[in-house]
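Here's a quick tour for anyone setting up a calculation on this one. Have a look at the model first, then we'll go through the charged pairs, the metal site and the core.

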Amino acid sequence: MTERRTVGEAILGANERLAAVNRQMLDQAGVFSLNLMASPGAGKTSLIERTLQALAGALRLGVIDGDIATSLDADRAAAAGAAAVQINTGGECHLDAVMIQPALERLDLSSLDLLIVENVGNLVCPASFALGTHKNVLIASVPEGADKPHKYPGMYRGIDALVLNKIDLLPYVDFDQTFFSQGVEALNPGVVTFPLSCRTGEGLPAWLNWIEGEVRQFRMTHPRRAAPPPQ
Ligand SMILES: Nc1nc2c(ncn2[C@@H]2O[C@H](COP(=O)(O)OP(=O)(O)OP(=O)(O)O)[C@@H](O)[C@H]2O)c(=O)[nH]1
Ligand SMILES: [Mg+2]
């Protein structure tokens, strides 16, 4: 029998294999990693900055920043104290495992506890391309509107945690929280959700606790390798 596969399936299959290689690199180094996805302007870089500031004393953070052009976001992450690498996708609307591989090689993984990857702002394409990271996190934001889970189901289905950012704007924007939650529940029942504001800091402690808990849990099965003794 002839196997029939579309070009799209073949590309995604190749990406999955490379994502597994990336995952192995991160596992062996004992670095827990997040793939942060969102629409443009939802607050990915703002949340990275806040997270870096809050966890600086507790965890060593690295950031891979995906952008169509510019290094503005990686510059912001570096200014906030992270080891930061920029990937310019040259027009591509998502990161993929091929792009992540050289970025991992540019980082000194032995000096990191947590790696956050900021994906390109887009609610469609990033959902289809595994990177090899351990957890997928989506940032929704209040001004985007409450209908987004209903309109972008693929993204909401594949996530491990959801941040609802910009809750400081709730008094000024029409945002039907019940309609939003119904959409999320239908696609991803019980997904852990963090309503917060990067502007005011409200809700941030729960997000930070979640990250620290995830890193602790990861460490139980992926202990850091002891550094080689000095020669
Ligand atoms: N009011 C309010 N504004 C916010 C909040 N978080 C971020 N912003 C603002 O939203 C804008 C976009 O924030 P970024 O963090 O750059 O968003 P991003 O998702 O990284 O954007 P791209 O990388 O361009 O897709 C900036 O003007 C932020 O100051 C928030 O909680 N409340
Ligand atoms: Mg950004």
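## Salt bridges, metal and core

Asp147 is partly exposed, with 25% relative accessible area. Keep in mind that this is a predicted model. The partner of Asp147 in a salt bridge is Lys148, and Lys148 counts as buried at 15% relative accessibility. Elsewhere, salt bridges with shared partners join Glu49, Asp73 and Arg76 into one network.

The count of salt bridges comes to 6; here are some of them:

| Pair | N to O distance |
|---|---|
| Asp147 and Lys148 | 2.7 Å |
| Glu49 and Arg76 | 3.0 Å |
| Glu214 and Lys135 | 3.2 Å |

Glu49 sits in helix α2 and Arg76 in helix α3, so their bridge ties together parts 27 residues apart in sequence. Glu214 is in helix α8 and Lys135 in strand β5, so that pair ties together parts 79 residues apart. Glu214 is buried at 14% relative accessibility, while Lys135 is partly exposed at 25%.

Now for the metal. Thr45 (OG1), Asp73 (OD) and Glu118 (OE) coordinate the magnesium ion (ligand 2) at 2.1 Å. Along the chain, these donors follow the spacing T-x27-D-x44-E. Asp73 in helix α3 and Glu118 in strand β4 are 45 residues apart, so to speak a link between distant parts of the chain. Both Asp73 and Glu118 are buried.

What about the core? The largest nonpolar core has 30 residues, of which Leu34, Leu114, Trp207 and Ile211 touch the most other members. Helix α8 gives the most to this core, with 7 residues. Leu34 touches, among others, Leu114, Val137, Trp207 and Ile211.

How values were computed: Residues are numbered from 1 along each chain as its sequence is written. Chains are lettered from A and ligands numbered from 1 in the order in which they are written. This is a predicted model: local features need pLDDT of at least 70, side-chain atom pairs count only at pLDDT 80 or more; totals for chains, interfaces and linings use all residues. Side-chain values use heavy atoms; hydrogens and water are left out. Donors are N, O and S atoms within 2.8 Å of the metal (3.2 Å for Na, K and Ca); water is not among the atoms, so sites may look incomplete. Helices (H or I, at least four residues) and strands (E, at least two) are DSSP runs, numbered from the N terminus. Buried means under 20% relative accessible area, exposed over 50%, partly exposed in between (1.4 Å probe, protein chains only). A nonpolar core is a set of buried Ala, Val, Leu, Ile, Met, Phe, Trp, Tyr and Cys residues joined through side-chain atoms within 4.5 Å. Contact means heavy atoms within 4.5 Å. A salt bridge is a side-chain nitrogen of Lys or Arg within 4 Å of a carboxyl oxygen of Asp or Glu. Lists of a residue's contacts leave out its neighbours within four places in sequence.
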